[in-house]
Amino acid sequence: MADLPPGFRFYPTEEELVSFYLRMKLQGRRLPELSRVIADVDIYELEPWHLPKLAGEVCKADTEQWFFFTPRQEREARGGRPSRTTGSGYWKATGSPSYVYSSDNRVIGVKKTMVFYNGKAPAGRKTKWKMHEYRAIEVEATNLNSTSAVPKLRHEFSLSRIYVVSGSFRAFDRRPLGTAAREDTGGGRQVRQETHAAAAAAAATSAAAAAQIMEKTSSSPESLCSGGEDHLHFQASPAPPDDFLLDWEQLDWV
């Protein structure tokens, strides 16, 4: 951890989680580097409050969110439904699955939101532990020019973001506390602009630090984060979210 700059936080976007980290994992590329950030853990064998200490080296000290690669369960590989029951409770899906879009509005994955309940279903007690489960969509599945293309999910690994609902308006917020306080007490438009600029600068610094870490541990120039082949490019026509709707019955969710 000595090579991390002060104040470093791993704070990726959903697009980065799916199009880079999950994609690299599914392709079996840069695994030692990925494991520093996102550990391989079967999260359904453990209670959620035991997961933070198993997070990757870069994220272990985080107090807000933790990321894990979860392999497909054996029963799921045989065509069954995955078991999301732990020793003291169970994970329950909430809401409907949603798409994950690239910056140019291409569908690259699907996200499920789940909440952990203590006790046995269906009478469990809801907790503050939540999870976003991400799965990547195969390249061929996003070819919108083909009328017969059926979207398929990659099931070998999913990527999970585990976090605790804090109830604070500053959850996942990286703005300096002093600046935020001035804004909240009516500092006016100028203070808000300074706050937004500070947040943008902090995000840029974190992104640069993450890239530096990956570069240090990379063994060849072609595997850099900024390398052209590391960016996901589906052969699909860009479409705004409201106009691109897949049939959820066709999507092979498990």
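Visitor: Which strands each supply at least two residues of the lining of the largest cavity?
Guide: In this predicted model, they are strand S2 (65-71), strand S5 (125-136) and strand S6 (157-164).

Visitor: And which residues lie nearest its centre?
Guide: Tyr44, Pro71, Glu76, Arg135 and Ser158 lie nearest the centre of the largest cavity, out of 13 lining residues.

Visitor: What is the lining like by class?
Guide: The lining of the largest cavity has five charged residues, along with four polar and four nonpolar ones.

Visitor: What volume does the largest cavity have, and how many cavities of 30 Å³ or more are there?
Guide: The volume of the largest cavity is about 70 Å³. The structure holds three cavities of 30 Å³ or more.

Visitor: Changing topic: where is Lys111, and is Lys111 buried or exposed?
Guide: Lys111 belongs to strand S4 (residues 107-118). Lys111 counts as buried because its relative accessibility is 16%, and the cut-off for buried is under 20%.

Visitor: What does the side chain of Lys111 join in a polar contact?
Guide: The side chain of Glu14, through a polar contact of 2.8 Å. Leaving aside residues up to four places away in sequence, Lys111 touches Glu14, Pro97, Ser98, Val100, His132, Glu133 and Tyr134.

Visitor: What is the mean pLDDT of the protein chain?
Guide: The mean is 74, with 60% of the residues at 70 or more. Over residues 175-192 the pLDDT is below 50, and this stretch has 18 contacts in the model beyond near neighbours in sequence.

Visitor: Where else does pLDDT stay under 50?
Guide: Over residues 217-250, for which the model has 69 contacts beyond four places in sequence.

Technical notes: Residues are numbered from 1 along each chain as its sequence is written. This is a predicted model: local features need pLDDT of at least 70, side-chain atom pairs count only at pLDDT 80 or more; totals for chains, interfaces and linings use all residues. Side-chain values use heavy atoms; hydrogens and water are left out. On a 1 Å grid over the protein atoms alone, a cavity is a set of points where a 1.4 Å probe fits but cannot get out, and a pocket is an open set with protein on both sides within 12 Å along at least five of seven lines; lining residues have an atom within 4 Å of a point. Grid points are joined across faces, edges and corners, and a volume is the space filled by probe spheres set on the points. Helices (H or I, at least four residues) and strands (E, at least two) are DSSP runs, numbered from the N terminus. Ala, Val, Leu, Ile, Met, Phe, Trp, Tyr, Cys and Pro count as nonpolar, Asp, Glu, Lys and Arg as charged, and the others, Gly among them, as polar. Buried means under 20% relative accessible area, exposed over 50%, partly exposed in between (1.4 Å probe, protein chains only). A polar contact is a pair of N or O atoms within 3.5 Å; within protein, one must be able to donate a hydrogen and the other to accept it, and residues adjacent in sequence count only if both atoms are side-chain atoms. Contact means heavy atoms within 4.5 Å. pLDDT is the predictor's confidence in each residue, from 0 to 100.
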